[in-house]
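Subject: Structure handover

Hello,

Here is the structure you asked for. Please look through it first; my notes follow below.

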Amino acid sequence: MKRITKAVFIAIAALSSIIIASCENYPEGVLSFHSSEYRIVNVWQVSNTYKNGEKITNTEYAGFAPGSFYYIYADHILRVLAVHNGEIRESTFATWILDTKSKTVEFNYTLVGKRYHFTADIRKLSRREFTIEFNDENNDHWRLELFSRVN
């Protein structure tokens, strides 16, 4: 009886280790059984923006400003809505590519006459929260904290 109990315990421990190892996690500790592709497809709203560690509250930075929306679709189409100088602007061309191996996402869009193309490190990705960090062409460090607008 003790051998069976010990064997069952070892089998459960091994199975648990395999399941946890197959989960995807990101630097800020989110562990999920859902794939990154499944979690990233969503409507995201920028809640906090940091440029070089300073919190940004104005709409000068179209697409990065708090209140901007990222509509990420399953077919790698992206739509960005942003408030710029009191007007709502929409991206004219937008795509995204997720690299699960390096835990990065590449965004490519045109908004308010400017082309944005950057590859961001994913710091957190759950069904409700999405945090990315990247450096722009001026070597400014950005951190965008987004939250899900869809349950």
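The largest nonpolar core has 29 residues, a nonpolar core being a set of buried Ala, Val, Leu, Ile, Met, Phe, Trp, Tyr and Cys residues joined through side-chain atoms within 4.5 Å. Buried stands for under 20% relative accessible area, exposed for over 50%, and partly exposed for what falls in between (1.4 Å probe, protein chains only). Tyr70, Val105, Phe107, Tyr109, Phe130 and Ile132 have the most contacts inside this core. Two or more residues each come from β3 (42-51), β5 (69-72), β6 (78-84), β8 (93-99), β9 (104-111), β10 (114-125), β11 (129-135) and β12 (141-148). Of these, β10 gives the most, with five residues. Strands (E, at least two residues) and helices (H or I, at least four) are DSSP runs, numbered from the N terminus.

Please keep in mind that this is a predicted model: local features need pLDDT of at least 70 and side-chain atom pairs count only at pLDDT 80 or more, while totals for chains, interfaces and linings use all residues. Residues are numbered from 1 along each chain as its sequence is written, and side-chain values use heavy atoms, with hydrogens and water left out.

Core and aromatic rings

Which residues does phenylalanine 130 touch, leaving aside its neighbours within four places in sequence? With contact meaning heavy atoms within 4.5 Å, they are Ile40, Trp44, Ile72, Val105, Phe107, Ile122, Lys124, Leu125, Leu144, Glu145 and Leu146.

A pair of aromatic rings is described by the distance of the centres and the angle of the planes. Rings of Phe, Tyr and Trp (its six-membered ring) pair if their centres lie within 6.5 Å; planes under 30 degrees apart count as stacked, over 60 as edge-to-face and the rest as tilted. By this rule there are 12 aromatic pairs. One of them is tilted and joins tryptophan 44 to phenylalanine 130, at 5.2 Å centre to centre with 50° between the planes. Tryptophan 44 is in strand β3 and phenylalanine 130 in strand β11, 86 residues apart, so that the pair links distant parts of the chain. Tryptophan 44 and phenylalanine 130 are both buried.

Phenylalanine 64 and phenylalanine 118 make an edge-to-face pair, with 5.6 Å between centres and 80° between the planes. This pair also links distant parts of the chain: phenylalanine 64 sits in the loop between β4 (54-56) and β5, and phenylalanine 118 in strand β10, 54 residues apart. Phenylalanine 64 and phenylalanine 118 are buried. They belong to one aromatic cluster, formed by Phe64, Tyr70, Phe107, Tyr109, Tyr116, Phe118, Phe134 and Trp142.

Charged side chains

The structure holds nine salt bridges, each a side-chain nitrogen of Lys or Arg within 4 Å of a carboxyl oxygen of Asp or Glu. Arginine 123 is bridged to glutamate 133, with the closest N and O atoms 3.4 Å apart. Arginine 123 lies in strand β10 and glutamate 133 in strand β11, so this bridge ties together parts that are 10 residues apart in sequence. Arginine 123 is partly exposed at 23% relative accessible area, whereas glutamate 133 counts as buried at 14%.

Glutamate 133 also meets arginine 143 in a salt bridge (2.4 Å, N to O). Here arginine 143 lies in strand β12 and glutamate 133 in strand β11, so the pair ties together parts that are 10 residues apart in sequence. Arginine 143 counts as buried, at 17% relative accessibility. Salt bridges with shared partners join Asp121, Arg123, Glu133, Arg143 and Glu145 into one network.

Lysine 124 and glutamate 129 form another salt bridge (3.3 Å, N to O). Lysine 124 counts as buried at 19% relative accessibility, and glutamate 129 is partly exposed at 37%.

Arginine 79 lies over the face of tyrosine 71, at 4.7 Å from the ring centre. The rule for a charge over a ring is that NZ of Lys or CZ of Arg is within 6 Å of the ring centre and within 35 degrees of the ring normal.

Backbone

Asparagine 52, in the loop between β3 and β4, has a positive phi of about 50° although it is not a glycine. Asparagine 52 is partly exposed, at 47% relative accessible area. Histidine 76, in the loop between β5 and β6, is a residue other than glycine with a positive phi, near 65°. Histidine 76 is partly exposed, at 30%.

Regards
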